[in-house]
Every structure is written in structure tokens, then in C-alpha cells.
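Please keep the structure in view while going through the numbered points.

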Amino acid sequence: MILTGGISITDKEIEYVTDAVRKGWDEHHSDYKVKFEKEFAKYVGSKYAYAVTGGTQALWLSLAALNIGPGDEVIIPELTYFACSDVVKPLGATPVFVDILRDTWCIDPVSLNKAITPDTRVIMPVYAYGNAPEMEEIMALADKYDLYVVEDACPAVGTFYKDKHAGTFGDFGCFSFHGAKIMTTGFGGMVVTDNKELYDRVVFLDDHGEDKSRPDRFWQKEVGYTFYMHNINAAMGLAQLERIEEFVSKKRQIHQWYKDRLIKWTLNTEQPASRTNMWFTSILVPNRARAMARLKSRGIDTRPFFYPISMFPMYENQDNPVAYDICLKGINLPSGVQRTEGDIDLICEVINES
């Protein structure tokens with residue numbers, strides 16, 4: 001089976017993780033975590049980074065640090081993983097779903113503008129499959145209406161929108177290092193921000209809300225969380241981060257192979273003067289179920305696009321026609337960094353026979 005995803009592990013990852021297992025305890029319990037955070041912040045161009053156990057936890061902490069709660073609305077594009085709405089609901093806030101653009105499959109600024117109400121507190125743009133949203137327009141709306149921006153850049157390590165890295169436009173940027181992403185820590189995530197006060201708030205909340213200013217220990221000021229990344233995972237993350245441009249280069253090569261062979265099909269794109277990491281090469285087809293079944297019969301794994309979130313039974317269907325059209329036609333093609341040109345030749349041959 002030619003799998004949809006796939007990671008690359010070398011002696012570098014094994015060396016770092018082994019060192020963390022052997023020596024990363026007691027006074028060295030966070031050496032790799034601290035270094036990983038520092039190097040990640042440097043790579044994306046943010047002042048502060050905080051490593052956590054997953055992208056969902058990164059989003060959750062970000063909203064909690066902004067004191068989002070009952071009566072607040074968070075605007076989310078329909079095309080995204082339901083983790084985005086899952087972190088809004090437990091805080092007592094309301095997710096509001098808006099349409100996407102037909103080319104990048106990211107949030108539509110016009111639909112976003114129409115959805116803003118006096119209760120709106122946060123815009124959550126999503127880097128769909130590594131594609132970049134129109135961050136200039138989004139930030140202009142955030143400034144106009146005095147809104148927070150929490151970027152779901154979970155799949156977008158290595159994506160730049162007009163020379164600025166994903167996740168560095170808003171108040172918070174959130175990343176995932178799940179095993180299916182472009183780089184992995186096994187399972188993990190990162191929160192980045194340029195705001196020291198917000199960074200301190202994230203660290204405080206993620207330490208169970210304990211008051212560290214007191215001379216005695218274990219005095220809790222607020223109910224908090226414990227989402228911080230372990231040193232062993234951070235060791236793998238550091239090694240993977242040192243190879244990130246290698247991964248991006250291979251992902252973009254894979255995308256170009258697909259693009260050269262699937263000339264009659266609609267694939268993901270990128271804006272001028274930007275660079276997306278092409279985490280997944282994706283395609284729109286008229287009959288998704290039939291196309292996926294055909295590919296599976298030839299030993300080729302694929303993954304469907306996410307459903308529009310408002311389609312789920314806990315929400316009401318929204319009038320977001322582009323999302324409802326594209327989400328039900330989209331397929332993520334095998335895009336793991338171990339894929340060869342021969343693999344892509346076979347996959348495209350099957351698709352073009354359809």
C-alpha cells in the first residue's frame with residue numbers, strides 16, 4: 001500500500017532522543033524542550049514559543065489565555081478539522097462557521113466580514129493542508145473590529161505568506177507535530193506569540209494556575225491545565241526542525257510531480273510571493289467515493305477532505321456553498337516525504353484513467 005502520509009527518521013533523531021532518555025532528567029529535565037522552543041521561535045520569526053502535547057492543546061491554551069468564554073464568538077472556516085470547534089465549546093464560547101475561497105481553500109475574508117457581530121472576539125484562520133490564508137485582509141479586519149487572531153497553523157510549518165511565516169501574524173500561532181504532519185515529535189504542538197504578557201499567561205495556565213510568586217508551593221490561583229511537552233518528544237522535535245527545509249523541499253517536489261501529470265485536474269495552489277509547504281497535495285474530483293475506491297484497489301491510500309463542520313449534528317447547516325462543494329470533492333493524495341517519482345507516476349496514471 002502506498003500510504004497517504006509518512007515521516008523520515010534518521011540517526012539524528014535517534015541520537016537526540018537517546019540522549020534525552022539517558023540524560024534528560026532531574027536538573028536536565030527540560031534541556032531539549034527549552035532548546036526546541038528557542039530554535040522553533042527563531043525559525044518562524046516569533047519572540048516566544050511554548051511546546052505542548054498537541055495542536056489542539058495549543059489552540060485551547062491560546063483561547064484560554066485570551067479569556068474566551070460564554071457569550072463570545074470565535075469565527076472558524078468550514079474546511080478544517082473539528083478540533084477547532086472542539087476547543088471553543090468547552091470554554092463556553094460559540095463557534096461561527098464561514099465560507100472558504102475556491103482557490104486556496106482557506107477562510108474567505110468577505111464571508112468573514114459578514115459574520116462579525118458585537119459578540120465576536122476571535123478570528124481563527126486555518127492553513128488548510130498547509131495552504132496560506134489571506135492574512136493581510138484578515139489582519140485588517142481584526143484591526144478594524146478590535147479582534148484577536150489565533151492562527152491554526154497546525155499543518156503549516158514551513159509555509160510563508162509574503163515572506164512571513166505562518167502563525168506569526170496574529171496574537172497566537174498554533175502548530176501540530178502529529179505523526180501525519182510535515183515534522184513530528186511523535187505527538188505534540190507549539191504555541192508562538194510576540195506578546196510577553198500572553199506568553200506568560202500561557203505558561204501560568206499550563207502549570208495548573210499555580211502561584212509561583214509565593215514562598216511556599218502548591219497554591220493555586222486559577223484552574224489550569226497541564227499540556228506541556230515532555231523533554232523526550234522535544235528531542236525528536238529539535239532533530240526534525242533541523243531538517244525542516246529538507247522536508248519542505250521534498251513536499252514541493254512531490255507536488256510539482258503531481259502538477260505536471262494531473263494537468264486537467266484542480267490541485268491546491270499558493271499565492272504570489274508566498275511559499276506553502278505543500279503538506280498534502282490535494283485534488284478535487286466529481287465523485288470522491290468512486291475515486292478513492294479505484295485508487296485503493298490499486299494499492300493507493302488516500303484521505304478525504306474534512307467535512308464542513310456545520311454539517312455535524314451538534315450544529316446547524318450554514319450557507320457556505322463553496323465549502324460544502326469543495327469539502328465533499330476533495331482528496332488528499334499520498335504526499336509523504338518517502339514518496340518517489342515512480343509512486344507519483346502510478347498514482348497519476350490511475351487518476352487520469354478515471
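1. In this predicted model, four strands make up an open sheet whose order is β10-β11-β13-β12, with antiparallel pairing. Two strands count as paired if DSSP finds at least two bridges between them, while strands (E, at least two residues) and helices (H or I, at least four) are DSSP runs numbered from the N terminus. The edges are held by β10 (266-267) and β12 (303-304), each of which has a single partner strand, so one side of each is left without a neighbour in the sheet.

2. The strands β10 and β11 (residues 282-284) run antiparallel and are joined by two bridges, with T266 opposite L284 in β11. Helix α10 (residues 288-297) lies across β12 and β13 (330-332), and runs at about 25° to β13. Such angles run from 0 to 180 degrees between N-to-C directions, and the axes are lines fitted to C-alpha atoms, for helices over the stretch in contact.

3. A note on the basis: residues are numbered from 1 along each chain as its sequence is written, and side-chain values use heavy atoms, leaving out hydrogens and water. Since the model is predicted, local features need pLDDT of at least 70 and side-chain atom pairs count only at pLDDT 80 or more, whereas totals for chains, interfaces and linings use all residues.

4. Another open sheet has seven strands in the order β1-β9-β8-β5-β4-β2-β3, and its pairing is mixed. Here β1 (48-52) and β3 (94-98) stand at the edges, each with a single partner strand, so one side of each is left without a neighbour in the sheet. On average, neighbouring strands of this sheet are turned by 25° against each other, with direction ignored.

5. Which strand is joined to β2 by five bridges? It is β3, and the two run parallel; in β3, the bridge partner of E73 is T94. Strand β2 (residues 73-77) also pairs in the parallel sense with β4 (residues 120-123), over three bridges, and V74 stands opposite V122 in β4.

6. Strand β4 pairs in the parallel sense with β5 (residues 148-152) over two bridges, where the bridge partner of V122 is Y148. From β4 the chain crosses through helix α6 (residues 135-145) to β5, and this β-α-β crossover is right-handed, meaning that, with the strands pointing away from the viewer, the path from the first strand over the helix to the second runs clockwise.

7. Helix α3 (residues 55-65) and helix α7 (residues 196-205) have axes that come within 9 Å and cross at roughly 115°. That makes α3 roughly perpendicular to α7, a label given to angles of 65 to 115 degrees (under 35 is roughly parallel, over 145 roughly antiparallel, and the rest oblique). The contact, which means heavy atoms within 4.5 Å, is made by L61, A64 and A65 of α3 and L198, R201, V202 and L205 of α7.

8. The axes of helix α2 (residues 31-44) and helix α8 (residues 231-241) come within 8 Å and cross at roughly 35°. This crossing of α2 and α8 is left-handed, a term used if the near helix is turned anticlockwise from the far one by less than a right angle, and right-handed is used if clockwise. Among the α2 residues that meet α8 are F36 and F40, and among those of α8 are A234 and L238.
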